[in-house]
Each structure stands twice: as structure tokens, then as C-alpha cells.
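Subject: Structure for your review

Dear colleague,

I am handing over the structure below, and after it I set out what was found there. Please read the notes alongside the coordinates.

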Amino acid sequence: MSTINRVGDMKLHTLTAHELAKLLISREVSSEELTRKLYGHIEKTDKNIGSYITLTKDIAIEQAKEADKRIKEKRDVGTLTGIPIAIKDNMCIKDVLCTCGSKMLSSFIPPYNATVINKLKKNGLVFLGKTNMDEFAMGSSTETSYLKVTKNPWNINTIPGGSSGGSAAAVASDQAVLSIGSDTGGSIRQPASHCGIVGMKPTYGRVSRYGLVAFASSLDQIGPLTKDVWDCAALLEVISGYDSLDSTSVNMDVPDYISFLNKDIKNIKIGVPKEYFIEGIDKDVELTVKGAIEKLGSLGAIIEEVSLPHTEYAVATYYIIAPAEASSNLARYDGVKYGYRAKGEGVDKDLLGMYENTRKEGFGAEVKRRIMLGTHTLSSGYYDAYYLKAQKVRTLIKQDFDKAFRECDVLVTPTSPTPAFKIGEKTDDPLQMYLSDIFTIPTNLAGLPGISLPCGLSKNGLPIGLQLIGNYFEEGRILQVAHAFEQSTDFHRNKAR
Amino acid sequence: MNYEPVIGLEVHVQLSTKTKIFCGCSTNFGASPNTQTCPVCLGLPGVLPVLNKEVVQCAIKTALATNCTVVERCIFHRKNYFYPDLPKGYQISQYDIPLGENGWIQIKLDGKEKKIRITRVHMEEDAGKLIHSENPEDSRTRVDLNRACVPLLEIVSEPDINSPEEAYQYLVSLKQILEYLEISDCNMEEGSLRCDANISIRPVGESRLGTKAELKNMNSFKGVQKALEYEIMRQKKLLIEGKKVYQETRLWNTDLNRTESMRSKEEAHDYRYFPEPDLVRINIDKEWVNKTRQSLPELPKVRRDKFKKEYGLSDYDVEVLTMDRKVADYFEECSKHFPNCKMIANWITGDVLAALKDKKNNIDNFNMSPEQLGELLGLIENGTVSGKIAKDVFQDMVCTGQDAKQIVSEKGLVQLSDEGELVLIIDKIIQQNPKPVDDFRSGKQNALGFLVGQIMRETKGKANPQLVNRILKARLS
């Protein structure tokens with residue numbers, strides 16, 4: 001860990017949350033100073049990167065001043081008090097634009113806070129702004145956003161991954177110390193992997209979804225994107241916990257996740273699912289991940305091959321269930337109450353015309369594709385063959401994991417089959433795009449926690465992510481393994497430039 | 001050829017829980033538009049429903065009171081369709097696993113009892129309301145979402161109903177049960193009770209069902225009956241003319257007294273039901289069901305049997321007294337203070353209900369407690385006041401809320417039953433009226449009535465009529 005000598009010289013914005021927390025607590029640096037520094041950096045770099053949709057500078061400076069006061073008065077100071085964070089633009093902050101990357105909500109200002117937002121506020125974090133994303137979180141490259149394209153800070157000709165591409169790019173380019181995203185089929189882990197940072201999808205039910213604009217309710221989960229594993233553990237602890245406003249959140253105590261760090265991983269059983277090393281996987285990815293697995297072995301973990309036989313059906317299953325739920329979740333965008341409403345001939349007098357034009361103009365192609373898919377698979381006569389069958393396969397996939405976790409503690413896989421691809425490379429080929437999430441989707445279907453952390457670079461200098469999957473509510477265990485790996489390697493110190 | 005109608009009814013009842021089914025907003029009727037709303041019932045992006053357990057409790061009560069089996073694991077589904085009063089674009093409802101199923105209720109028509117089977121009882125949320133402008137120059141329609149997310153129960157009958165009159169009786173009986181359970185105010189004008197009907201006809205003796213029409217938009221029980229009568233006539237005419245009945249949804253037009261086609265089967269929605277992923281399954285264990293069963297009030301049928309057997313009341317009295325649970329409670333409370341049940345029944349079915357109707361009042365805030373009525377009846381029974389005077393005392397009590405004894409003593413209304421005193425008065429009247437006395441003695445019976453009237457006038461109505469009759473006859477013979 002770098003030693004900090006003189007505050008004035010330092011590139012404050014490049015530090016991790018735990019490095020900054022020390023400076024804040026010792027009052028060598030104020031949250032306001034840090035926040036202003038970050039905005040300076042955002043102004044310089046975001047023209048090229050495009051992480052943010054909305055900057056909330058007035059709110060942030062206000063929050064930073066309040067955090068400084070709390071620190072000064074030693075009142076309600078948490079591990080992340082005063083740390084600036086970026087928020088994916090599908091989580092509601094009262095009175096702040098929430099676009100979801102869509103024309104449909106391009107002027108929508110929510111009148112309430114998401115539960116995670118209240119938790120972050122309570123802990124004194126500073127809201128820098130709202131980050132770009134694939135429209136309604138549907139995509140793996142952030143290219144389906146109506147508002148802008150976000151570029152990968154490692155190579156601006158490539159995508160940052162998605163759908164939480166803005167949140168990943170912001171952290172990777174030091175435009176934010178931390179960020180939160182949402183993960184329905186890999187939307188935190190895949191962009192974290194492409195941007196060379198840490199990203200975690202917690203167990204379904206660990207973090208409240210109240211105030212997260214729904215994509216697929218049974219799969220969506222909010223989680224952290226951070227510069228290292230310590231920050232991930234600290235942020236996870238802040239946002240986790242039961243919420244009476246979310247019936248699917250689970251009423252279980254939140255552990256002290258940091259207490260899992262700095263422990264050795266001797267005799268921890270790590271399973272390598274053979275179905276995740278398939279034909280078509282990028283050679284660099286395969287070699288790098290295999291190297292990382294060897295590293296885990298050298299740290300004392302017991303590596304064994306396991307089988308998750310239904311893995312090959314995961315993508316197909318996901319593309320039945322997620323669009324089905326989405327087709328219903330997105331029905332509320334009808335032009336009646338809020339959001340975009342089509343204008344012109346036929347719209348003012350005719351209800352059906354208003355609906356059709358509003359949804360035709362307000363949604364992008366990928367969103368419409370998924371609404372149509374979901375509407376079709378739920379229709380009478382098709383429900384049993386598609387939706388019901390998919391739910392059965394989902395159970396089989398879950399059972400695969402249950403069986404694997406009877407034999408081992410943690411599973412290790414690549415996060416994504418390839419490093420970041422070129423902007424525009426897959427936009428015309430949805431099926432290729434969907435395969436970007438082939439290794440992350442099964443965890444969402446099963447509801448398990450998964451983390452992605454950097455484990456090397458490709459020949460072209462792009463980051464490669466390692467995915468660790470844990471049993472239900474065993475985020476602590478995967479953080480332990482991730483931290484041990486991170487501390488014995490230097491990959492997390494690689495920086496985009 | 002003779003045709004018989006086959007009818008099934010779908011009743012929607014709004015529950016009178018304090019808060020809505022999936023959020024904490026009030027369910028009060030009549031607030032200004034959109035004042036009883038929050039992000040959840042407005043269907044804003046990102047919100048989630050949280051089930052109000054009280055609604056489940058009401059549903060279990062209703063399921064048990066209609067003899068349904070209660071499911072152990074209760075789940076909700078989404079019913080997807082677009083309409084401006086439906087903020088989420090789907091209604092959270094129940095689908096293939098309703099909370100209660102396979103029940104029945106009993107109805108009575110022309111003295112005959114009949115069981116109507118209940119298919120299902122399920123929970124769902126109500127939609128909002130569209131308000132169309134009444135100004136012809138303003139073509140806009142406004143949306144009021146106060147009602148969105150208000151809890152509803154849907155109670156569906158089997159097609160066991162064979163006439164519009166039976167349908168009417170079914171609704172009366174069902175409403176009575178719901179009122180006994182105190183889960184809804186069952187006010188059709190405010191829309192807290194709504195009824196749709198499925199009706200087909202078939203030749204008598206045929207076991208296959210004919211093609212049905214679904215009737216909507218009836219806003220009273222009589223409206224349901226009339227709509228069914230019209231529809232039977234319409235379908236019969238079609239069949240007699242050799243035409244076909246098409247499966248469709250028809251609206252009852254109250255002004256023109258006819259049903260009108262709304263949409264055909266082909267235009268029917270595909271609701272794309274699927275399990276609501278934002279809610280978790282709730283387990284309804286045996287203990288919950290048993291506790292609820294024990295907490296149920298005495299239901300109309302049990303109460304009717306009891307009133308007949310225990311209190312020995314006539315069918316008419318039983319019917320009238322048990323129609324409203326509160327009136328039945330009033331009767332039973334009164335019977336603790338006065339033993340003659342027949343007499344209580346007469347007074348309640350007569351004077352009490354008339355007084356309530358007169359004052360447009362209901363028994364909840366009636367001026368006279370059951371104990372006070374019992375005291376009045378006691379005064380009649382022991383001869384303190386005459387039945388006639390008692391009617392006046394009753395009216396005074398209704399107006400003032402005073403006790404009968406107080407009114408009787410303050411106004412000096414105690415019945416005159418002293419024989420010595422009565423003899424003096426009677427002799428005086430005999431002396432003053434020689435002609436009627438002669439008439440009576442010569443056989444004209446109605447002269448006696450005149451004399452009694454004179455005596456009552458003399459005593460301001462307080463003379464004990466039985467005594468007057470007896471003494472007068474003795475003095476004249």
C-alpha cells in the first residue's frame with residue numbers, strides 16, 4: 001500500500017476509499033476538498049470517457065461539508081463517511097433526474113429516495129452524480145443508452161461493458177472513488193471485469209431493491225464497483241440489510257465484511273466448473289484465469305474440478321425469464337402519468353395511438369426487442385413451453401450449484417469470455433452480445449453472490465476479470481478469497497491511462 | 001321449446017381496511033383526486049408492493065364464511081393489460097391458486113332453500129378511476145388514482161343460478177354474509193360492491209352449456225336482475241330465430257334498459273398472467289385458519305336457525321331481524337332485559353325499524369339502547385302503561401333519549417287501574433249518556449265502544465282498557 005506523505009502533491013482522486021478514509025479521519029484532507037478535486041478530474045476527462053449522465057455537484061458539496069462536520073464532531077462517522085460515490089442512473093434520488101439511459105425517462109425526476117440511497121446518505125457518502133448505463137439496464141456494453149456512449153478508460157475504442165458501464169468507467173478512470181451498479185445477468189461483474197476493477201453482485205435479497213428501477217425483478221440486485229476488495233467489503237456492508245419496503249429482501253443480520261479480509265485461504269475448497277472453460281473462450285482470458293487459479297492453489301486453497309451440467313442452458317433460460325419480467329415491469333411507461341409522451345396527429349384523440357407512439361418513440365431497439373420477446377413468451381399457448389419450462393430449468397441450474405457447494409466453498413470462473421470488445425462490434429448481433437454474459441448469468445438465475453476482480457491483462461493491454469461465486473449469503477467467504485488473491489498480486493494496481 | 005338460464009356471478013367487494021393492499025395510503029372514499037397516493041400506488045419507477053396482512057385476514061374470513069377451503073401457500077400473479085387507470089400496466093391479483101376455493105352459500109327463494117357453489121375467493125388490487133370532462137369543449141379525461149391499490153376480494157360463483165330472482169337472492173345473501181363479517185361497507189353506490197354476470201341459456205333437459213355473454217356495468221342488485229332478464233330474452237329470441245349467440249362482453253345500459261355489445265371474444269385480452277416476482281409466498285398455517293375460524297361472528301344462517309328455535313320467532317320476524325347483523329345484536333341484547341321475545345320482535349320489526357327509516361338513521365346511532373326498549377316493554381307487561389300510551393312514550397324516547405320510567409312519571413302517564421276510582425268515572429259517564437246506555441241495553445253492541453271512548457277521554461287515555469271493559473259491562477247489566 002502506498003504511503004502518503006504530503007497531501008498537497010498527491011493525486012487524491014486516485015486513492016482507494018480506505019486510503020482516503022484515513023486522510024479524512026485524521027483531517028489531513030477534507031471531504032469537500034476531495035469532492036472538488038474529483039469534479040475537477042471529471043471535467044477534464046469525462047468528455048472522453050462519458051461516464052456521467054448527471055452531475056450533482058450542489059448536492060455533493062453540501063454532503064461533503066456535512067461529512068466534514070460529522071468527522072470534526074466525531075458524530076456518526078462510518079468507514080465511508082465523506083467518500084464520494086457515483087450512482088447508476090437507475091436508482092432514484094429524490095429531486096434528481098433519473099433517466100435509466102432511456103428517452104422514456106429522459107426528464108423523469110423521482111419524488112423519493114431508493115433505500116440504498118438512504119443508506120448511503122445515513123453513512124455520510126457524497127453523491128457525485130448519476131452514471132450512464134444501457135437503456136433500462138438491457139445490454140452488455142452501455143451502447144444501448146439513449147443519452148451517450150461510454151468508453152472504456154483502458155482503450156477508448158472499446159466498450160466499458162454493461163449495463164453498469166458508466167459506474168465501472170467512473171471508478172476505473174478515477175472519476176469516482178466508489179460506485180454502485182445493478183446486476184441482472186452480469187451488469188456489475190462484466191463491466192468491472194472489462195474496466196479492471198472489483199464488482200460484486202450480492203445474494204438476491206441481500207440489498208433492498210426499493211427505488212431501483214426494475215428490469216427483471218427476480219434477478220436484479222444492487223452491488224458495489226470499487227478499486228479494490230477492501231472498498232468492496234466496506235460498501236457492501238453499508239448498502240446491505242433487510243428493508244420492510246422490499247418483500248424479497250431477506251431479514252438476516254449484516255456481517256462485518258471487513259473482518260473476512262486479511263485471512264489466509266489455506267484448505268478452502270475452490271471448485272472449477274469445467275463447463276466454464278468452453279470452446280470460443282478467448283485464449284488470453286483462458287490462460288490468465290487458469291494462471292489465477294494456480295495462484296489460488298499456491299496460496300493454500302484446494303482446487304478441484306466440479307461440474308455444473310445445466311450451464312449450457314443458462315443463457316437461453318435467462319432470455320426467457322428476464323424479458324418476460326421486463327415486458328411487465330416496463331408496461332408502466334405508457335405516457336399517461338410521467339415520462340415521455342408522443343405528440344402529434346392521432347395521439348391527442350386516440351388512446352391506443354398515444355400508447356403505441358409513446359412506446360415506439362420512447363424505447364430503443366434493444367428494449368423493444370426484449371419487451372416483444374417477453375410478451376410473446378408469456379402469451380397464452382406459449383407460457384408453458386417457454387416461461388414455465390424456463391423456470392424449471394432455472395431450478396435445475398440452482399440445484400447444480402447446491403450440489404457443487406456441498407463439495408466446495410467457492411467456485412472460480414472467468415467473468416467474461418472475452419476482454420472488452422470494440423465499440424459497435426456487436427451492436428448488430430444481439431446473440432453475440434448476449435453471450436458476453438454467459439459466465440455471469442447462471443449466478444443471477446440461482447440468486448448467488450459473485451464477485452469479479454482483476455487477474456491480468458490481455459495481449460492488447462485490456463483487463464481480464466476473475467469471477468468468484470459463493471453460496472447464499474456467503475459474500476464474506478468470496479471477499480476473503482478475493483482479498484487473499486488481490487494481496488498476493490499487483491493486478492488491482494494496474495491503472496487505465 | 002323451453003329454455004333455462006345458467007348464470008354465474010362475479011362479485012368484487014372493496015375491503016374496508018384502513019390502508020391499501022400494497023402501500024400505507026388511506027382507503028377512505030371521496031377524498032380529492034390523487035390526494036391518497038404515494039410512489040407505490042402511483043406505480044412510479046422503482047417501487048415495490050408490500051402486502052397488507054389485514055387483507056389476507058379479511059380474505060380468510062370470507063373464504064371460511066362461504067365454506068371454502070383455504071390454501072396453505074398463497075401467491076399473487078400479475079394480470080397484464082394497458083389502461084390509463086392502471087398505473088403499473090398490470091394488476092396484482094391471484095390466478096391459478098386463489099386464497100379460497102370450493103365453497104358454497106345458501107339462498108332462499110319462495111320458501112325453498114338452495115346451495116350455490118362458490119368457485120373461488122381471491123385478493124387483488126383495485127384500479128383508479130377515469131374522470132371524463134362534462135364540458136363538451138374539453139375532451140380531456142383525467143385520472144384519479146386514489147382508488148388504485150385499494151384491496152378487493154373477488155368472489156366467483158359456479159353457474160348454479162337459474163333465474164334472475166335467484167341471482168338477486170344470491171347477492172342479498174352474499175352481501176349479508178360480508179356485512180356480518182364487517183369487512184366491507186358493501187355500498188354499491190360508492191362502488192364498494194360490484195357485480196358482473198355470466199349468462200347462457202340452454203333447452204331444458206340439455207346438459208351442455210350454451211354460449212355465454214358476460215354482463216358488466218350493473219350498479220344495483222335490481223340492475224343485475226333486470227340485465228339478466230333482458231339478456232335471457234335477447235338470447236332466447238336469437239335461438240328461436242335460428243341465430244347464434246356469440247361469446248362477448250356486454251354492458252348494461254341503465255337508461256335504455258338493455259345490454260349492448262362491448263367486445264367480442266376475439267377482442268378479449270390475453271392477460272399474460274405470471275407469478276408476481278416482487279412478492280414472496282405467504283404461508284397460511286392451520287393455526288392461522290383455526291384462529292380466524294374461532295373469531296368469526298355468528299353467520300346469518302346460524303343466527304336464523306337460532307332465532308327460530310331458541311326464541312320461537314316466526315319466519316317473517318327471523319328474516320327481518322337477521323337481515324342486518326346489528327339489528328339482530330340489538331334484538332338479542334334487548335332480550336337480556338325483557339323476557340317476551342315475540343313482543344320484542346314486534347316492536348323492533350315495527351316501531352324501531354320505522355323510526356330508523358323515518359329518521360334515515362341506522363341502528364348504530366339509534367337514540368334508544370336495547371336496555372331502554374326492554375324497560376319500556378316491561379312497563380307495558382306489568383300494566384304501568386297501556387300499549388297505546390307506550391307508543392307515545394316510545395316516540396318521546398326516540399326524540400329525547402330519556403328512559404321510559406322518567407317520561408311516564410314526569411308526564412303522569414301511569415295507567416289508571418284502581419277499580420274504585422274507575423267505578424266512579426264509569427258511573428259518571430253512564431249518567432251523562434242515557435241514550436247510548438239504552439241503545440246498548442236494547443242490543444246495539446257498538447254503543448259500548450262509544451262509552452269506552454268517553455271513559456278513555458275522561459281519563460286522558462290512562463284507564464286500563466281491560467278493566468274499563470269489564471266494569472262497564474258489569475254496571476250496564
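A residue is called buried here if 20 or more other C-beta atoms lie within 10 Å of its own, exposed if 12 or fewer do, and partly exposed in between, with C-beta atoms placed from the backbone. Helices (H or I, at least four residues) and strands (E, at least two) are DSSP runs, numbered from the N terminus. This is a predicted model, in which local features need pLDDT of at least 70 and side-chain atom pairs count only at pLDDT 80 or more, while totals for chains, interfaces and linings use all residues. Residues are numbered from 1 along each chain as its sequence is written, and chains are lettered from A and ligands numbered from 1 in the order in which they are written.

I begin with helix α7 of chain B. The buried residues of α7(B) are D317(B), V318(B), L321(B) and T322(B). Seen down the helix axis, these buried residues fall within an arc of 105°, so they line one face of α7(B); the arc is that of the directions from the helix axis to the C-beta atoms. The face turned away from that buried side carries the exposed residues D315(B) and Y316(B). Among the elements that cover the buried residues of α7(B) are α6 (300-309), α8 (325-335) and α9 (341-358) of chain B.

Which residues does L321(B) touch, not counting residues up to four places away in sequence? L321(B), which lies in helix α7 (residues 315-322) of chain B, touches F307(B), V327(B), A328(B), F331(B), A345(B), I348(B) and T349(B) on that count, where contact requires that the C-beta atoms, placed from the backbone, lie within 7 Å. L321(B) counts as buried because 24 other C-beta atoms lie within 10 Å. The C-alpha atoms of L321(B) and R303(B), which are 18 residues apart along the chain, are separated by 9.7 Å.

H132(B), placed in strand β8 (residues 129-132) of chain B, counts as exposed because it has 10 C-beta neighbours inside 10 Å. Between the C-alpha atoms of H132(B) and N361(B), 229 residues apart along the chain, the separation is 34 Å.

Chain B as a whole is divided into domain 1 (3-288), domain 2 (298-410) and domain 3 (419-476), with bounds that come from an automatic or database domain assignment. The centres of domain 1 and domain 3 of chain B, taken over C-alpha atoms, are separated by 67 Å.

Strand β1 (residues 3-14) and strand β11 (residues 193-203) of chain B pair in the antiparallel sense over 11 bridges, and V13(B) has L193(B) of β11(B) as its bridge partner. β11(B) is also joined by 4 bridges to strand β12 (residues 213-218) of chain B, again antiparallel, with L215(B) of β12(B) as the bridge partner of A197(B). An open sheet of 3 strands in chain B has the order β5-β4-β15 with antiparallel pairing; its edge strands are β5 (90-93) and β15 (274-275), each of which pairs on one side only. Within that sheet, 4 bridges join β4 (residues 77-80) to β5(B), and the bridge partner of H77(B) is S93(B).

Next come the nonpolar cores, a core being a set of buried Ala, Val, Leu, Ile, Met, Phe, Trp, Tyr and Cys residues joined through C-beta atoms within 7 Å. The largest has 210 residues, of which I83(A), I85(A), V410(A), A59(B) and A197(B) touch the most other members. Helix α7 (residues 229-239) of chain A gives the largest share of this core, 9 residues. That helix is mostly covered, with 11 of its 11 residues buried, and just after α7(A), G241(A) takes a positive phi of about 130°.

Finally, 35 residues of chain A are in contact with 25 residues of chain B. On the side of chain A that touches chain B, α9 (314-329), α10 (351-362) and α11 (365-378) of chain A each supply at least two residues, and the largest share, 3 residues, comes from α9(A).

With best regards

How values were computed: Contact = placed C-beta atoms within 7 Å. Pairing = 2+ DSSP bridges.
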